[in-house]
Amino acid sequence: MRVILTKPTQPIEGIVKLPGSKSISNRVLIIKKLLQNNSFQIQNLSNCNDTLELQKALIKLNSQSYINCGSGGTTFRFLTVLITYLNKAVILSGSPQMNARPVHKLISALNLLGANITYLSHKNHPPIQINPSIINGKKTLIDGSVSSQFISALLLIAPYLKNGLEVNIKNKIVSKKYIELTINIMKQFGAQVTCKNKLIIVKPKLYQIIDKTYKVESDWSSASFYYGLIALSKINTSIALKGLYYNSFQPDINCISLFKHLGVSTIFTKNETILIKTAKPKITHFDFDFLNCPDLLQITVSACVALQVSFKFTGLQTLKNKETNRLQALQTEFKKCHINLNITKNSIAYDGLQKAKSTKSIFQTYQDHRMAMSLAILSIKWKRIKIENPEVVAKSYPKFWKDLNSIGIKTVFSTA
């Protein structure tokens, strides 16, 4: 399957209701499971595959000893810690993609708390056997340089440990803003959490239901692709997005400041967030450290290349262990447009001298939802583009292609 995107004949416009935040949805689902209260309702829950897989897995925990949680990194990591706390015997596995992603840093931290987890196939990788054990908490040590999700997973169950939990973090913390998001949500449910440098202390105080309904705000990660579309559009082009919070703790709210450099202004009204192309790019060269918002890298690269804005982006060391090696994927796909991107282990750069050229080649997605959505914005510049395996967007934003169609970008699906 591939999708063919056709350049709009008129300026794109419309109102888009974004999906609920996947990051918030998955954290609140874990808290709801710990609360064990069926009367507690979650509104605007994300309908993406990762969240649906987590919901299914939480139901299976009641009766099954084998759970395959698909390709969701958050799903797998959160479940690993939750199942350990619940003192259950479960084999936890994932898709081939997920099983290729190392988890030993998280397992080591759990073992320090008394967990009993073994690897079933390849050392340090899923699938894993979680054996019954009692973890009482108090202290653990974890490497912060691999994934913030490891730390968030531990924090979410910490209020339920007999002694609470002290998490000591070694090495540089990546995606720190996601840890802050986790702590903010925990506090909304009454958790007592303090942070000092690389030490996080959670008191043994159970979650409380402050309100019987929790509304998940819409997803700033999904919003970022519309920032990319507007950046590539003509002056005064605008789109309205619904459900976003201007005071959000989501790290990808950084797209406001990032795309301001590329001429996109943001206006918050009572019911909508309006994106307007107000100027040509305000810079000719762009330097930025993505350590705290790595998911914005691909859309920012696509926009800068299309606008011929040179850049050097750093803080990207975690991207080799995402759905694909995202730096290599970007380098490979933009070669099709006669663009050379220089990559290292933690950086990507473009000199701005080469102009991206339309290509008849089919863009690959590498089973990565963000590759598909980031490359889609090139349809604003070129007459037609083709993207392979468009269904991958279901991982985070199932209605993406339908929503593009609604604002004037024609989308046609083909098996030829």
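Trainee: How many cavities of 30 Å³ or more does the count come to?

Mentor: The count comes to two cavities of 30 Å³ or more. This is a predicted model, in which local features need pLDDT of at least 70 and side-chain atom pairs count only at pLDDT 80 or more, while totals for chains, interfaces and linings use all residues. Residues are numbered from 1 along each chain as its sequence is written, and side-chain values use heavy atoms, with hydrogens and water left out.

Trainee: What makes a space a cavity, and what makes it a pocket?

Mentor: On a 1 Å grid over the protein atoms alone, a cavity is a set of points where a 1.4 Å probe fits but cannot get out. A pocket is an open set with protein on both sides within 12 Å along at least five of seven lines. Lining residues have an atom within 4 Å of a point. Grid points are joined across faces, edges and corners, and a volume is the space filled by probe spheres set on the points.

Trainee: What lines the second largest cavity?

Mentor: Its lining consists of Ser21, Ser23, Tyr178, Asp219, Ser221, Gln250, Pro251 and Asp252. The second largest cavity holds about 30 Å³ of space.

Trainee: How do you know which residues of that lining are nonpolar, polar or charged?

Mentor: Ala, Val, Leu, Ile, Met, Phe, Trp, Tyr, Cys and Pro count as nonpolar, Asp, Glu, Lys and Arg as charged, and the others, Gly among them, as polar. By that rule the lining of the second largest cavity divides into two nonpolar, four polar and two charged residues.

Trainee: What is the volume of the largest pocket, and which residues are closest to its centre?

Mentor: The largest pocket has a volume of about 330 Å³. Of its 13 lining residues, Leu29, Lys32, Lys33, Asn38 and Leu58 are the closest to the centre. Helix H1 (22-35) and helix H2 (49-60) are the elements that give two or more residues to this lining. Helices (H or I, at least four residues) and strands (E, at least two) are DSSP runs, numbered from the N terminus. By class, the lining of the largest pocket has five nonpolar, five polar and three charged residues.

Trainee: Why is H1 called roughly parallel to H6?

Mentor: H1 and helix H6 (residues 148-157) pack at an angle of about 25°, with their axes 10 Å apart. Angles under 35 degrees count as roughly parallel, over 145 as roughly antiparallel, 65 to 115 as roughly perpendicular and the rest as oblique. H1 is therefore roughly parallel to H6. Axes are lines fitted to C-alpha atoms, for helices over the stretch in contact, and angles run from 0 to 180 degrees between N-to-C directions.

Trainee: Why is H1 called oblique to H7?

Mentor: H1 and helix H7 (residues 176-188) pack at an angle of about 45°, with their axes 10 Å apart. That angle makes H1 oblique to H7.

Trainee: What makes residues of H1 and H7 count as meeting?

Mentor: Contact means heavy atoms within 4.5 Å. Ser23, Ile24, Arg27, Val28 and Ile31 in H1 meet Tyr178, Leu181, Thr182, Ile185 and Met186 in H7.

Trainee: Where is Pro127 found, and what kind of peptide bond joins Pro126 and Pro127?

Mentor: Pro127 is in the loop between strand E6 (116-119) and strand E7 (128-131). The peptide bond that joins Pro126 and Pro127 is cis, with omega about 0°.
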